[in-house]
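This report takes the contact between the chains as its starting point. Sheet, hairpin, domains and core follow in turn.

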Amino acid sequence: MIDVRDLGVRFGANRVVEGLSFALHEGGSLALWGVNGAGKTTVLRALLDQVPYTGQVRVGGFDAHRQGRQARARLGYVPQQLALYDDLSALGLLRFVAGLRGAADGQAAVLLQRMGLGDQARKAVGALSGGMKQRLALAIALLGDPPILLLDEPTASLDAAARDDFSALLLELRAAGKTLLFTSHRVDEVAVLADEAIVLDSQGARRVEARALDALLHPEVTLRLVVAEGAIGAALAALAHEGFDARRNGHGVLVRVAAGNRAAPVSALVQADIAVHDLSLEAGP
Amino acid sequence: MIPSSPRVVVRLARKEVRDALRNRWFVMFALAFAGLALALSRLSLGGAEAAGFAGFGRTAASLINLVILVVPLMGLTLGAASLAGERERGTLATLLAQPVTRWQVLAGKYAGLALALCAALALGFGLAAAIVVAGGGAVAAASLAALVGLTMLLALASLAIGMLISSLSRRSAAASGTALLVWLALVFLGDLGLMGTAVAIRLDVGTLLVLALANPVEAFKVGAVQAVTGTLDGLGPAGTYATRRLGVALAPTLVAALAAWAVLALGAAAAAFQRGRLD
């Protein structure tokens, strides 16, 4: 579906992306993970042929630059910063884009209903809330039923409830067979929506399983366990016996533990008959 | 299925016409042009009754001066706001994420704006002609058609130059400022500069004519005066030389000069837009 080989993008003297290669098969879901400025959005814009690039980018077998129209017909794009025609009505905007994508005019109303925006059809785009605009942008991306969705930080501008709703919509689309390529800096979002992630950081690009991303980024965490005052000594001994690096901290103990093994210290204390009253993750290792 | 190129261009042009009609500057320009044309035709008609002067000829002569001032300003500013405005708002990137090419976007915008502009001009000229006829004057159909045609060509050339400015500008304010400077240069400085240069370095009359025709506003003026009065004697030695040198080829030369401005400026705009950034 998507085949990127040796992609390079530079703006002036600044190399934003260098030597990036990856492939995404039909029905797959891949996240581009990285901090701000890592080049995640630039990769999506190269797929849309919106930035000059070196290397080869193919979408559905079409060259993204030389066969840009065919390639973009297979892509639906939800940008991070929604720039829509605010004076058009929601339905008017969808009809306008439907004409450009060769989609049936009737699909606009169907998609508005599907995105829960049926009663907002006549409202000006500029008057919609942030969450509604995000769903409208997804409706636009789905016009013409493209097999691939590109999403740039799809839930970054949403509150928690709207984020859950939007993630649920994306999961539905995944289940329906859409191929997803999205950027994110949220580990939880990557874990829920993606099979795999490409980590873009100072060490270059690494492809990892989405569920392993958290462990890769935070190989070791510090847990704070609250136990009874009189049980702290016994807790430290029990944890040391199981090989944990633990020390006293106020009314509890601090334990350093591998990211994928956070429950193990709690199990060790329970087996030693020591009640754990509370626990929290400390910032930093 | 991807729509054909003409369908995409028509779709984009339709949106552009709609946007132009909702653009308060465009509506203000169109109303101002229509109002001034109306007023000029009434004034000219009044003078014609007193002096026995042919009503339409005098109205047309007044309209030429109005066109020279207003039409390049309309075309340049409308064109300048087109791409730069969308780039600034971010909607250009949204548009180009669809299966459309940059030249389709440029062509659609140009076609839509050209249509809106020509419709506004036709309204102004139509009102002026109607006033002349209603006042008992006669409209010289051939002269009116020539004047309208040349005005529309001037509008198309100005619009193309405006779009070239827009394709080279990242901010709409910068594009509008540049468009105003170009308008000043074409309408005022071009004329004065040419006269000054002619006096200072003693340009021969042939070179003077070529330089004058290189300015679309001057090309329009020469063509319009010829169409309305039938002679270029009012333009001095350069006018007389133009008539003698070009003869019947004068009108086609002027039309070609205006059309060349439109085509070349639009081509340059397409080349710049193809390479330019979207943000």
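## Contact between the chains

The contact draws 20 residues from chain A and 19 residues from chain B. The model is a predicted one.

On the side of chain B that touches chain A, two helices each supply at least two residues: H1 (5–22) and H4 (91–95). H1(B) gives the largest share, with 4 residues. Sorted by class, this side of chain B holds 10 nonpolar, 5 polar and 4 charged residues.

## The four-stranded sheet of chain A

Chain A has an open sheet of 4 strands. Their order is E2-E1-E4-E5, and the pairing is antiparallel. Strand E2 (14–24) and strand E5 (62–63) of chain A form the edges, each pairing on one side only.

Helix H1 (residues 40–47) of chain A packs on this sheet. H1 of chain A touches E1, E2 and E4 of chain A, and its direction makes about 115 degrees with that of E1(A).

Within the sheet, E1 (residues 2–11) and E4 (residues 54–59) of chain A pair over 5 bridges, in the antiparallel sense. Opposite Gly8(A) stands Thr54(A), in E4(A).

Ile198(A) has Arg207(A), in E10(A), as its bridge partner. The hairpin passes from E9(A) to E10(A) through 2 residues.

## Domains of chain A

Chain A is divided in two: domain 1 covers 2–216, and domain 2 covers 220–282. How far apart do the C-alpha centres of domain 1 and domain 2 of chain A lie? They lie 42 Å apart.

## Nonpolar cores

Nonpolar side chains tend to be buried together in soluble globular proteins. Here the largest nonpolar core has 158 residues. Which of its residues touch the most other members? They are Leu47(A), Leu94(A) and Ala160(B).

Leu47(A) falls within the residue range of helix H1 of chain A, 40–47. Leaving aside residues up to four places away in sequence, Leu47(A) touches Ile2(A), Val57(A), Val59(A), Ala64(A), Leu75(A) and Leu150(A). Ile2(A) belongs to the range of E1(A), 2–11.

Another core, of 14 residues, lies apart from the largest one. Among its residues are Val221(A), Val227(A), Ala238(A) and Val257(A). These four fall within the bounds of domain 2 of chain A, 220–282.

How values were computed:
Residues numbered from 1 in each chain as written. Chains lettered and ligands numbered in written order. Predicted model: local features only at pLDDT ≥ 70, side-chain atom pairs only at ≥ 80, totals over all residues. Pairing = 2+ DSSP bridges. Contact = placed C-beta atoms within 7 Å. Axes fitted to C-alpha atoms, helices over the stretch in contact; angles between N-to-C directions. Domains from an automatic or database assignment. Nonpolar A, V, L, I, M, F, W, Y, C, P; charged D, E, K, R; others polar. Core = buried A, V, L, I, M, F, W, Y, C linked by C-beta atoms within 7 Å. Buried ≥ 20, exposed ≤ 12 C-beta atoms within 10 Å, placed from the backbone.
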